[in-house]
Amino acid sequence: MLSYGKELEKEFVHTTYENIAKHFSDTRYKPWPKVDKFLHNLGPHSLVLDIGCGNGKYIHSNPLTRIGTDMTQNLLEICSSRKFAVFRANCLSLPIQSYRFDAAISIAVIHHMSTIERRVKALEEILRVLVINGKALIYVWAKEQDERNFDEQDVFVPWKSNKQDGDTFQRYYHVFVKGELEDLVQRATVDGCSFDIVESYYDRSNLCVILEKVRKN
């Protein structure tokens, strides 16, 4: 029986991405338009945290200050070689004081969390580090996709090395059904604050939400 939790994520998320980092980075070079639009709609000089930044394709300089964090050391080294401001951290426990960032993005990260509790915790960490009225953009894989068909929500997706006769590595995903991400967001509360859902949409086989941090009445 599959055992969910941090050990599964360590083997089939963290270790996998360490192994595929260079090849993965080579395939991730063009920002998605709707993520770029979200960033460009933020106020000038906003402080933005990219949680699960990968190779840093969404990290740039002015007019926004963007800082990235990821668990994959090999991807962070790629970011550092590009002179991006990054640090290593687990998205479930960000070493950041509360109320520090104007905005955050989490693109294709939370679907790697293997339990409901861990997905909610990832959302609560985003909520915690945002200022009041701060914005967040979340992307997770949808179960219904054009490119793939999934029979179940908890799946392993292979990544084939770009070397001839290279290894194949398995990546764990929890793929989301319609409405599930919004339900998850409603469960996230920190220090009397929660998220308002500004917009929900489908983009590039992902279910997506734009959120705003608000104080509860």
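The structure is a predicted model, in which local features need pLDDT of at least 70 and side-chain atom pairs count only at pLDDT 80 or more, while totals for chains, interfaces and linings use all residues. Residues are numbered from 1 along each chain as its sequence is written, and side-chain values use heavy atoms, with hydrogens and water left out.

**The largest pocket**

- The volume of the largest pocket is about 900 Å³; a pocket is an open set of points on a 1 Å grid where a 1.4 Å probe fits, with protein on both sides within 12 Å along at least five of seven lines.
- Its lining holds 43 residues, of which Y17, F24, R28, I107 and A108 are the closest to the centre; lining residues have an atom within 4 Å of a point.
- At least two lining residues come from each of α1 (6-26), β1 (47-51), β2 (65-70) and β7 (168-174), and α1 gives the most, with five residues.
- Helices (H or I, at least four residues) and strands (E, at least two) are DSSP runs.
- By type, the lining comprises 19 nonpolar, 13 polar and 11 charged residues.

**Aromatic pairs**

- There are eight aromatic pairs in the structure; rings of Phe, Tyr and Trp (its six-membered ring) pair if their centres lie within 6.5 Å, and planes under 30 degrees apart count as stacked, over 60 as edge-to-face and the rest as tilted.
- F12 and F156 are edge-to-face because their ring planes stand at 65°, with the centres 4.8 Å apart.
- This pair links distant parts of the chain, since F12 is in helix α1 and F156 in strand β6 (residues 154-160), 144 residues apart.
- F12 has a relative accessibility of 21% and counts as partly exposed, and F156 is also partly exposed, at 32%; buried means under 20% relative accessible area, exposed over 50%, and partly exposed in between (1.4 Å probe, protein chains only).
- W32 and Y139 make a tilted pair, 5.7 Å centre to centre with 40° between the planes.
- W32 lies in the loop between α1 and α2 (33-40) and Y139 in strand β5 (residues 130-141), so this pair ties together parts 107 residues apart in sequence.
- Both W32 and Y139 are buried.
- One aromatic cluster is formed by F12, F156 and Y172.

**Surroundings of N206**

- N206 belongs to strand β10 (residues 206-215) and is buried, with 0% relative accessibility.
- The N206 side chain reaches the backbone oxygen of R204 at 2.8 Å.
- Beyond neighbours within four places in sequence, N206 is in contact (heavy atoms within 4.5 Å) with W32, Y139, V140, W141, A142 and Y201.

How values were computed:
Grid points are joined across faces, edges and corners, and a volume is the space filled by probe spheres set on the points. Ala, Val, Leu, Ile, Met, Phe, Trp, Tyr, Cys and Pro count as nonpolar, Asp, Glu, Lys and Arg as charged, and the others, Gly among them, as polar. A polar contact is a pair of N or O atoms within 3.5 Å; within protein, one must be able to donate a hydrogen and the other to accept it, and residues adjacent in sequence count only if both atoms are side-chain atoms.
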